[in-house]
Each structure stands twice: as structure tokens, then as C-alpha cells.
Amino acid sequence: MEDSVGQKRNNREFTLVSVAELSSPASSASPGIARFTSDGSVAQLHIHQDSLQIDIDVDLETARIFKLGPVQSVCMVEGSVVDNQTSFSRGITIQFRNEEESGAFDSVFQQWKKEANAQGRSLPNGIVPSSKSKFDEKIEQSSAKMYFHYYGQLLHQQNMLQDYVRTGTYYAAVIENRADFMGRVVVDVGAGSGILSLFAAQAGAKHVYAVEASEMAEYARKLIAGNPMLGQRITVIKGKVEDVELPEKADILISEPMGTLLVNERMLESYVIARDRFLSPEGKMFPTVGRIHMAPFTDEYLFIEIANKALFWQQQNYYGVDLTPLYGTAFQGYFSQPVVDAFDPRLLIAPPMFHVIDFTKIKEEELYEIDIPLRFVASVGARVHGLACWFDVLFNGSTVQRWLTTAPGSPTTHWYQLRCVLSQPIYVMAGQEITGKLHMVAHNAQSYTLYLTLSAKMWGPGAEQGGILQTSSCKLDLKEPYYRMSQPQAYTLAQDQQPPPLLQTQDIPIQSQDLDEPEMMQQPSPNSCAQVNSLMQNI
């Protein structure tokens, strides 16, 4: 049996629809053949192009095959290894008659590489041969499966495309900085529908590699093929950025790696990995910098709404069953969910602070655990119900610097804002200092566990001694938010309360936009507040 297999390997030939140098225009492609040969000791791949009589002998020990599509691959040859990194000086694009022949070629290629004493495996999506993907090592398989399934659906891509603040800002950042893209190689990290790749091509990119791991890659190919004037300069590669190889370095990385609270879904790590693997030393990243903004807030409506959810478990005769033993657990469970919605910025009781993440410098490992010390000075006297968070990112182009913000009071995006609600609010007076910490720990379900502590420090005479009057803490799972997504609820200010200048930030200004004043609503009644306070004492 082994002899018959060996005989088959001695002469394997594949008909190629087209063969062309990667650096040559598509018009230079012509039919050819790919032939595997062996003299019993040396295995070789020979690629022949008919019209130009080009003959290429491929060193199987260093060559690599990367899939560009179901029937198209690129064979990288003439490789050299420097500092444990392989670089290639030549690439040959080859196209097969059908997907079956393409798959058969890949399989034979890997078998012959093994004979050439190179460790390898089938590379259906241009994946680097390794025992286990770095992505797979840190992400739970079930989470990754759900994640890629979600983003592989057109309806979710449509939801993001219809976020006109998001899509419009990306378009403006690219087109206004055309000088950064003109004639450059671009890598679109997590390309999704391919919209950012098309923007880059519109801005004059020499070539765009659109890397997408989900089934959306096939839709991206279809969309790009339907825009041929742009699509001829875009290559869609199905695979994870942690695993795929590209034939050349990038001048620009473009991506939309932001999740709720900037870091949810842990795609920032993939963005940083792509930077380290693909970006040239002087390359640019769009976006360049991200900031997480935070401020304490008061919102009696929200607090009562969450607390009331647990009232179900206060029933002592539910079909003859006493549910109260689970009331305390249910109460804390509801408060462990971060709230995702849009809120009125006047609910903030202190000017915000922010934490900077520089995508061009941060190490991947630094995103595994993020520690943010908190310090605020209350502008008004109020009950502090928790910490409100949002983010913005900067596109630091050579021509225009443009911000994409998710701040309260700005046009609402599909990210909304996020609030961490304390089950035990704290009380502060105007001028009182609020300190604490937001500690974020990444977990293998592609999200973070949040640990929040807020404390009210002494105020007035003797405050310089730094004593703590009240402290409240909570633990939340960013993976399991409460998607409230209501529009901002306005509230009536007391006569002696004036809203602070909430959207002013240090160092880097953000342009805010004029908004219509929302309708005013009444505050919850004192009786409803008293009812919740009474319930809390029984927990």
C-alpha cells in the first residue's frame, strides 16, 4: 500500500487556470501547470507558465502556500530567515479550476513539505503551522464559536454599518487622510463586511489585505467583487490575525476593535498582535489611541429599577414555595450586570477622568489586567449610585486628527455607554473627594471581570487627614451586561445645583456637538426610594 502511495507522489500534476507573479499586474496572468516531482531523495515543486515560458523551481523546505480564496492561492518562494523570522522576495499567484483541486494541491503540498523535513499541516486559510493557535490558547472554544457565528451574520454587520457615527467617522478619518493611504499597503484587521477595506481602496491604497476569521469573509469577497474598481486592489484572507501570514509588511493597520467599555471581546489584543506581526516600523494605526472615561453618577430611577427586579424572589408562597432564600443572591446577581444604555450627562456628579491606551505602544500582555486608580471631586451633593464609563478613539492622521466618541450627550452609537451600579450607594457633599479603583481582569470568554470600589473621603475641617467615611464595592461581568438601551432620561436640577462642565478633558480636546434639550421628567418619589432602602436592609 505504501509503495502505491509513493508512486502517486512521484508525479503529481495540477492544471492551473492562471499563473502570475504577485508583483505583476493581473493582466500578465496566463494558464500553467504545477508539478510535484521526486528523484527518490529530493522533493521539488515546479510551476510553469505557458505564455511567458516562466519556470519556477520551489524549495519546499522554505516555501509557503496561503489561500486567497476558494480556488486561488499564493506561493511564497525564495525565503530567507533572519532573527527567527522568515521573509520572502517572491510570490506566485496560482488559480485552480475548482475548489476540489485547490484543496488537493494544499494537501499534497503539505505532504511533500514533511518529506522535506519541515513541520507543517494543511493550511486552508493561510494559517501558520503550529501546534495550537495563540488565540485558541487563551480563548474558550465555545466563546470563540459563538463570537464568530455572531459576526458571521449580515444582520449584525448591518447594525454596525447603520451606526452612522461609527461608519461616518471611519470614512472621514480615512478620506481626509488620503495622503497616509495613497500607494500604501493596508491590513484590515477583523474586516467583517470589508467596508473599511473599501474605504482604504477609495483613499488610494496600493493593496489591502482584509483578514476576517468568521464566515463573513465570504460575504466580504462578494461585496468587494461587486465593486471591481476597488476590489482589484483588495485581497480577502479568511483566518485569524494570530495565525495567517501575509506576503508583505503593512504601512497602515485599520480596524474596528472596540467593544463595550473599549476592551470587551478582547479584540484589542488581536489588533496589537497584528501590529507586531504585520506593521512596518514607521507604519500607522487607525485608530491610534483609545481612552476610557469614567465619572461617578447618581440615578435613582436606575437603582430602583435594578433593585425591583429581585422583588420576585421576595414571594413567600409561590405555588406553595417560599422563594425568599434566594432573594439575596438574586439581588446581588442583578447588580453584577453592567448597564448598557444612553444616559443624560447631567446625571454625572463630578468631572470625568480618563485612562489612555496607546495602541501603538501597549503590549498584548498589558491588556490582560488593567488597573485604574480613581479620584474625583463631587460637584454636587448626591447619592452616588456607581461609576459611568464610555470611551473614545483617535485617528491620528498626518492631515487630520479625528475622534470617534461614545460620550453621553454626543450622538448615540451602537456602543451606548456603560454604568457599574453599586448595590450600596454612598452619600457625598459638594466638594467632597471620591476615591477608588477600577480593576479589570480578562477571562477566557473574551471579556473582563470588573472589580469596582468607590469611597467617600472626609470633607471640611480635618479632611487633610484623609479619613474614609464610606466605602462600597461590586464585582461585575462585562460579558453579561443588562442591555437597557433606553434614551437618556432627563431630570430636574435643584435650584442650587449647576451641572459641571462634564465633557471637558485634559490634554486632548474632544469636539462636542450641539444637542437639543430633552424633555424634563420628574424624579422618583421619596416613598419609592424609602421602599428600596427598606428592602436592602433585609438582604
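Let's start at a loop. Y416 sits between β18 (401-405) and β19 (417-428). This tyrosine is not a glycine, yet phi is positive, about 55°. Most residues other than glycine have a negative phi. Is Y416 buried or exposed? The relative accessible area is 18%, and the cut-off for buried is under 20%, so Y416 counts as buried.

Keep in mind that this is a predicted model. Mean pLDDT for the protein chain is 83. Of its residues, 78% reach 70 or more.

Next, E265. Here too phi is positive, at about 80°, and the residue is not a glycine. E265 belongs to the loop between β11 (250-255) and α11 (267-278).

One more backbone point. The peptide bond between F286 and P287 is cis, with omega about 5°. Most peptide bonds are trans. P287 is in the loop that runs between β12 (279-286) and β13 (289-297).

Now the inside. The largest nonpolar core has 105 residues. Which of them touch the most other members? They are L262, V263, M294, L374 and M440. Strand β17, residues 382-396, contributes the most to this core: seven residues.

Take V263 as a close-up. Set aside the neighbours within four places in sequence. V263 then contacts L268, I292, I357, I370, M440, Y448 and L478. M440 is on that contact list, and M440 is also among the residues that touch the most other core members.

Now the outside. Four residues make a nonpolar surface patch: F312, Y318, Y319 and V321. Together they have about 450 Å² of accessible area. Look at Y318. This residue is in the loop between α12 (300-309) and α13 (327-335). Its relative accessible area is 33%, so Y318 is partly exposed.

Where pLDDT is low, the predicted coordinates should not be read in detail.

Phi is positive at Y416, and positive at E265. I'll take questions.

Definitions and conventions
Residues are numbered from 1 along each chain as its sequence is written. This is a predicted model: local features need pLDDT of at least 70, side-chain atom pairs count only at pLDDT 80 or more; totals for chains, interfaces and linings use all residues. Side-chain values use heavy atoms; hydrogens and water are left out. pLDDT is the predictor's confidence in each residue, from 0 to 100. A nonpolar core is a set of buried Ala, Val, Leu, Ile, Met, Phe, Trp, Tyr and Cys residues joined through side-chain atoms within 4.5 Å. Buried means under 20% relative accessible area, exposed over 50%, partly exposed in between (1.4 Å probe, protein chains only). Helices (H or I, at least four residues) and strands (E, at least two) are DSSP runs, numbered from the N terminus. Contact means heavy atoms within 4.5 Å. Patches are made of residues with over 30% relative accessible area and no salt bridge: like charges are joined within 9 Å, nonpolar side chains (Val, Leu, Ile, Met, Phe, Trp, Tyr) within 5 Å. Accessible areas come from the Shrake-Rupley method with a 1.4 Å probe; for residues, only the protein chains shown count as cover. A salt bridge is a side-chain nitrogen of Lys or Arg within 4 Å of a carboxyl oxygen of Asp or Glu.
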